[in-house]
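These are my notebook entries on the structure shown below.

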Amino acid sequence: DSGRLPRLKIAMQKSGRLSDDTLKLLRACGVRFNLHEARLMAHAEDWPLDLLRVRDDDIPGLVMDGAADLGVVGENVLEEARLEREVAGSPAEYRLLRPLDFGHCRLSIAGRAEEDRAAPLDGKRIATSYPYLLRSWLKREGIQATPVMLTGSVEVAPRAGLADAICDLVSTGGTLEANGLREREVIFRSQAQLIARPGALDAGQQATLERLLRRLDGVQQARESKYIMLHAPVGRLEEVTALLPAAHPTVLRLGHTDAEVAVHAVSTENLFWETMEDLRELGCSNILVLPIEKML
Ligand code: ATP
Ligand code: MG
């Protein structure tokens with residue numbers, strides 16, 4: 001009876017680049033929510049889990065202050081908040097639980113496209129929404145530049161004469177190019193992380209978390225795994241299994257012939273085109289590589 005267990009509060013981005021992937025992942029773990037656009041809180045249907053839907057900038061603080069038990073947030077936002085809180089003397093601790101393999105991006109310094117990429121940054125003004133990450137990188141590199149804080153439209157700052165360069169998130173580089181900018185240096189790489197508040201959870205919450213983590217691991221393992229099926233000539237079976245990136249393939253008789261067998265295998269990696277071609281050279285046919293949905 002989930003109604004009686006102490007509930008676990010998860011902070012996630014309400015609407016933005018991380019929202020869909022976060023919900024998709026929770027759904028893949030069998031957690032279902034009734035979301036109301038206007039509400040901050042959503043309750044899971046069969047789990048003692050609540051969703052707190054907030055701006056991503058608020059997530060690290062909510063978790064570090066213990067207002068939320070868990071959070072899903074980009075490492076860029078997390079590390080920026082940690083540095084800021086450390087300077088301010090506020091609580092800045094959290095536990096990293098799992099990298100989530102979405103929200104991949106990099107925080108990069110970019111200058112005007114027509115400028116020499118190697119020209120020193122000393123004395124330049126760099127517009128950014130990540131002044132703490134930028135300052136810590138500048139300090140590490142021994143560069144004397146001035147961060148200019150902007151919460152948005154960072155990429156137009158050089159054209160507007162507000163800065164000489166920018167330090168902003170990049171995933172494809174399209175936005176930079178559209179603004180006449182060129183990437184110079186990656187200062188931080190990021191993906192979404194599942195984090196937990198510092199301190200022990202209550203026993204019921206801990207049990208819920210462990211169940212969630214087991215399912216998360218199952219989802220991630222399944223995502224990386226493939227189900228491979230093929231028909232192989234009996235005489236080449238050993239060579240065929242040696243090519244497969246799987247430990248113990250299942251070998252099955254075929255109804256219509258004794259010269260060939262069916263080989264099924266769960267592989268923890270994808271099958272490369274090259275391997276598939278090698279398998280065909282050995283006389284294999286009907287080579288199928290299928291995604292796996294769940295694994296336990
Ligand atoms: P909010 O309203 O919640 O504050 P936001 O505008 O700050 O939203 P988004 O643009 O939705 O944030 O990005 C959220 C996170 O997605 C980023 O902090 C980063 O971790 C990740 N991300 C992945 N790719 C990109 C990208 N190309 N540009 C910006 N963020 C990206
Ligand atoms: Mg934000």
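Which side-chain oxygen reaches the backbone nitrogen of G204 at the start of α6? I found that a side-chain oxygen of D202 comes to within 2.8 Å of that nitrogen. I note that the model is predicted.

**Entry: helix α6**

I checked the length of α6, which covers residues 203-224. At 1.5 Å a residue, its 22 residues should span 32 Å, and the end C-alpha atoms are 32 Å apart, so the two values agree.

**Entry: the five-stranded sheet**

I recorded an open sheet with mixed pairing and the strand order β8-β7-β9-β6-β10. β8 (146-149) and β10 (181-190) are the edge strands; each has a single partner strand, so one side of each lacks a neighbour in the sheet. On average, neighbouring strands of this sheet are turned by 30 degrees against each other, direction ignored.

Within the sheet, I followed β6 (residues 105-112) and β9 (residues 165-170), which pair in the antiparallel sense over six bridges. In this pairing L107 stands opposite L169 in β9.

**Entry: helices on the sheet**

I found α3 (residues 75-88) packed on the sheet, where it touches β9 and β10 and makes about 75 degrees with the direction of β10. Helix α4 (residues 131-141) runs at about 95 degrees to β10 and lies across β6, β7 (125-128), β8, β9 and β10.

Key:
Residues are numbered from 1 along each chain as its sequence is written. Chains are lettered from A and ligands numbered from 1 in the order in which they are written. This is a predicted model: local features need pLDDT of at least 70, side-chain atom pairs count only at pLDDT 80 or more; totals for chains, interfaces and linings use all residues. Side-chain values use heavy atoms; hydrogens and water are left out. Two strands pair if DSSP finds at least two bridges between them. Helices (H or I, at least four residues) and strands (E, at least two) are DSSP runs, numbered from the N terminus. Axes are lines fitted to C-alpha atoms, for helices over the stretch in contact, and angles run from 0 to 180 degrees between N-to-C directions. Contact means heavy atoms within 4.5 Å. The expected span of a helix is 1.5 Å times one less than its number of residues. A polar contact is a pair of N or O atoms within 3.5 Å; within protein, one must be able to donate a hydrogen and the other to accept it, and residues adjacent in sequence count only if both atoms are side-chain atoms.
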